[in-house]
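Dear colleague,

Please find below the structure I wished to pass on to you.

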2 protein chains.
Amino acid sequence: MADPRYLIIADGNFHPLESKTANSVIRYHPDRVVAVLDRRSAGKTVQDVLGFGGPIPIVATIDEGLAKQPTAVMIGIAPAGGKLPDEWTAWLAKSLAAGCDLISGLHTFLSDDPTLAALAAKHGRTIVDARKPPKNIPIAAGLARLVDPFVVLTVGTDCNVGKMTAQLQLTAALKARGLRTNFVATGQTGIFIEGWGTAVDAVIADFIAGAAEELVLRGAKDADIVLVEGQGSINHPGYSGVTLGLLHGSCRDALILCHQSTRDYIGEYRTTPWLKIPPLARYVEMYELIGSAVHPTKVIGVCLNTFDMTDADARAACREAERETGLPSTDPVRFDPTPLVDAMVREREKYQGKKGKQ
Amino acid sequence: MADPRYLIIADGNFHPLESKTANSVIRYHPDRVVAVLDRRSAGKTVQDVLGFGGPIPIVATIDEGLAKQPTAVMIGIAPAGGKLPDEWTAWLAKSLAAGCDLISGLHTFLSDDPTLAALAAKHGRTIVDARKPPKNIPIAAGLARLVDPFVVLTVGTDCNVGKMTAQLQLTAALKARGLRTNFVATGQTGIFIEGWGTAVDAVIADFIAGAAEELVLRGAKDADIVLVEGQGSINHPGYSGVTLGLLHGSCRDALILCHQSTRDYIGEYRTTPWLKIPPLARYVEMYELIGSAVHPTKVIGVCLNTFDMTDADARAACREAERETGLPSTDPVRFDPTPLVDAMVREREKYQGKKGKQ
């Protein structure tokens with residue numbers, strides 16, 4: 001089967017920090033993206049807006065986008081609440097009629113829209129709602145603590161700080177070291193990139209940890225190390241429940257703390273700055289205390305997202321994070337991920353040693 | 001409208017510690033319950049099994065139960081995972097045909113069963129699925145921290161330790177002191193008892209805190225004090241996500257820690273004792289640290305569930321809890337709830353003082 005060709009809709013919101021799904025798909029599969037639809041930045045290239053992605057064009061209309069002959073149209077933004085802007089439904093209808101599949105990670109399922117569902121059936125196209133949870137998720141039973149590979153979860157100081165990107169960068173680096181490494185996607189964007197996973201924020205609340213457990217059991221097959229994509233933050237007023245369910249259900253052996261260095265307040269509440277992001281050392285304390293209540297938990301490194309800083313400031317931020325937490329720190333997108341890869345390999349060896357003694 | 005008359009199904013599982021929904025409805029509305037269906041204890045009275053509830057009969061068949069002329073048949077057990085035992089569907093069909101409504105708090109909605117839905121329509125009966133969440137729950141935005149009343153949440157050392165019962169006992173005692181007190185139900189049993197609420201464990205994971213926020217805003221109307229029913233436990237491997245979403249979304253001013261004194265291990269995992277319940281002081285530390293990450297959090301008292309202890313042992317357990325935590329402690333079902341009511345009134349006065357200064 002030929003590779004898919006995506007037209008990504010990120011209208012009005014294509015931006016290094018906003019259009020997370022679009023940006024990540026472009027970062028890891030630029031060859032699959034034929035165009036981005038954003039009226040605000042139309043005429044520019046993806047490289048112009050993101051600083052990566054090359055000459056992929058940004059177009060102003062659905063017709064221009066469809067003229068690039070995509071095989072699928074992907075919703076590339078993840079707005080708070082996850083609702084589809086009304087205007088877009090007509091674009092999606094046109095896309096189905098033009099022979100494209102639809103791919104979405106919104107909470108509101110495209111396949112539940114009667115018009116779109118009927119059109120998809122009529123034209124023989126597929127609607128992929130990546131946030132639709134699998135059936136029969138179990139209540140977590142601690143089974144993830146029994147798997148053989150070393151399991152590492154990213155945790156954050158906020159939403160959208162780079163937890164998924166950190167894991168994808170580290171996955172590549174660990175594979176390059178010869179370790180069989182599986183990335184476990186827990187959100188819609190990770191699922192688009194990896195091809196499987198469960199959006200743990202979209203399952204019924206009682207089953208968050210159970211969904212995480214299932215994912216780790218699957219990711220553990222044929223792996224030396226499993227890197228689980230984190231979600232939200234332990235002090236996020238809206239999403240902390242998802243974060244804790246994932247923390248406990250995954251029974252991870254180690255954590256990597258992720259932070260966007262220039263962010264001062266928890267993000268969704270920036271219009272009325274309310275919750276100041278506490279020091280990194282406080283996060284280490286919180287995650288280790290609450291994580292260890294179910295399974296031994298240790299933060300082993302810090303990943304910084306320094307996309308909006310100078311090189312010198314970014315290096316200084318990494319040094320400061322190391323000083324504050326006593327842990328290795330880097331920006332695995334901008335700099336060499338070796339300090340964190342070394343930490344993971346080292347901790348895994350200790351862990352294997354412990355397992356051997358049991 | 002006449003009061004409802006319930007036949008409660010708790011077959012095979014009617015027990016002081018197991019049939020939580022049945023037991024609580026009987027405790028707070030014994031006048032509404034005409035019979036309990038449980039083949040294991042048929043012939044006994046509810047009083048025989050629970051130690052309260054009086055002469056309500058326990059019957060062995062659905063026909064015996066329907067002969068007591070209930071207006072509604074209620075599912076009285078909450079099994080792990082929330083699934084309806086297959087055998088019961090026939091009983092429920094018979095109940096609809098006999099003119100009864102159905103009331104359920106299971107995760108699997110009775111109204112989604114085509115046979116039951118068709119029968120309900122045919123006989124003009126109602127199926128109440130208390131766990132069906134309201135539409136359009138928002139992402140939590142910290143609004144609950146702005147309400148006027150003093151908000152108190154119960155938190156637990158495990159599921160099913162008495163968090164709801166504690167709040168209902170304290171609600172009655174606070175009302176008796178002349179305080180306008182609203183109980184906020186967050187689970188199906190509380191909803192059955194209070195008549196409104198949202199089962200926060202049944203909403204989509206991203207909306208747990210938003211559901212809690214909506215409930216507190218509603219409960220705050222015409223109240224001096226709001227008592228929110230807690231869910232799960234911060235170290236429960238399956239349900240901790242629900243607990244934390246509720247803790248953060250409710251923006252409560254104070255917590256009451258609930259524990260069943262004879263329990264040593266987290267309950268759902270008793271078949272393979274895995275997670276030992278840590279000391280109460282450790283829970284105080286965990287709840288205060290993680291709660292305060294979003295809104296100032298203080299544990300102000302301990303409620304013990306001593307149903308299976310002698311009076312002397314129960315009193316000793318309360319003294320030991322006070323010694324360990326430095327907080328007032330009682331079993332508000334068995335003993336006088338005054339120590340906890342005093343603590344709540346005292347903390348509320350301090351809080352009003354602080355508010356006045358803002």
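The notes below go through the findings by topic.

Please bear in mind throughout that this is a predicted model.

**Relation of the two chains**

Chain A can be superposed on chain B by a rotation of 180°, with 0.0 Å of shift along the axis and an RMSD of 0.0 Å. The two copies are thus related as by a two-fold rotation axis. The same surface serves both of them, for 100% of the contact residues of chain A recur in chain B.

One residue with contacts in both chains is B:S240, which lies in helix 9 (residues 240-249) of chain B. Its contacts, leaving aside neighbours within four places in sequence, are A:A209, A:L244, A:G245 and A:H248 in chain A, and B:G232, B:S233, B:I234 and B:N235 in chain B. B:S240 has 27 C-beta neighbours inside 10 Å and therefore counts as buried. From B:D158, 82 residues away in sequence, B:S240 is separated by 9.5 Å, C-alpha to C-alpha.

**The six-stranded sheet of chain B**

In chain B, six strands form an open sheet with parallel pairing, in the order 8-9-7-10-11-12. Strand 8 (181-184) and strand 12 (329-330) of chain B are at the edges; each has a single partner strand, so one side of each is left without a neighbour in the sheet. Within the sheet, strand 7 (residues 150-156) and strand 10 (residues 254-260) of chain B pair in the parallel sense over five bridges. B:T154 has B:I256, in strand 10 of chain B, as its bridge partner.

Helix 6 (residues 163-176) of chain B packs on this sheet and touches strand 7, strand 8, strand 9 (225-228), strand 10 and strand 11 (299-305) of chain B. The direction of helix 6 makes about 165° with that of strand 8 of chain B. Helix 8 (residues 208-219) of chain B lies across strand 7, strand 8 and strand 9 of chain B, and runs at about 155° to strand 8.

Strand 2 (residues 33-37) of chain B is mostly covered, with five of its five residues buried. Strand 2 runs parallel to strand 1 (residues 6-9) of chain B, to which four bridges join it; here B:I8 stands opposite B:V36. Between strand 1 and strand 2 of chain B the chain passes through helix 1 (residues 20-28), in a right-handed β-α-β crossover. Strand 2 of chain B is also joined to strand 3 (residues 58-59) of chain B by two bridges, again in parallel. B:V36 has B:I58 as its bridge partner in strand 3 of chain B.

**Two sites in chain A**

In helix 4 (residues 88-97) of chain A, the residues A:L92, A:S95 and A:L96 are buried. They cover an arc of only 100° around the axis, which puts them on the same side of helix 4 of chain A. The cover over these buried residues includes helix 3 (62-66), strand 4 (72-75), strand 5 (101-104) and helix 5 (114-123) of chain A. Helix 4 of chain A is followed by A:G99, which has a positive phi near 95°.

With 14 C-beta neighbours inside 10 Å, A:P296 counts as partly exposed. The C-alpha atoms of A:P296 and A:D253 are 6.7 Å apart, although 43 residues separate the two along the chain.

With kind regards

Definitions and conventions
Residues numbered from 1 in each chain as written. Chains lettered and ligands numbered in written order. Predicted model: local features only at pLDDT ≥ 70, side-chain atom pairs only at ≥ 80, totals over all residues. Least-squares fit on C-alpha atoms with pLDDT ≥ 70 in both. Contact = placed C-beta atoms within 7 Å. Buried ≥ 20, exposed ≤ 12 C-beta atoms within 10 Å, placed from the backbone. Arc of directions from axis to C-beta. Pairing = 2+ DSSP bridges. Axes fitted to C-alpha atoms, helices over the stretch in contact; angles between N-to-C directions. Right-handed = clockwise from strand over helix to strand, strands pointing away.
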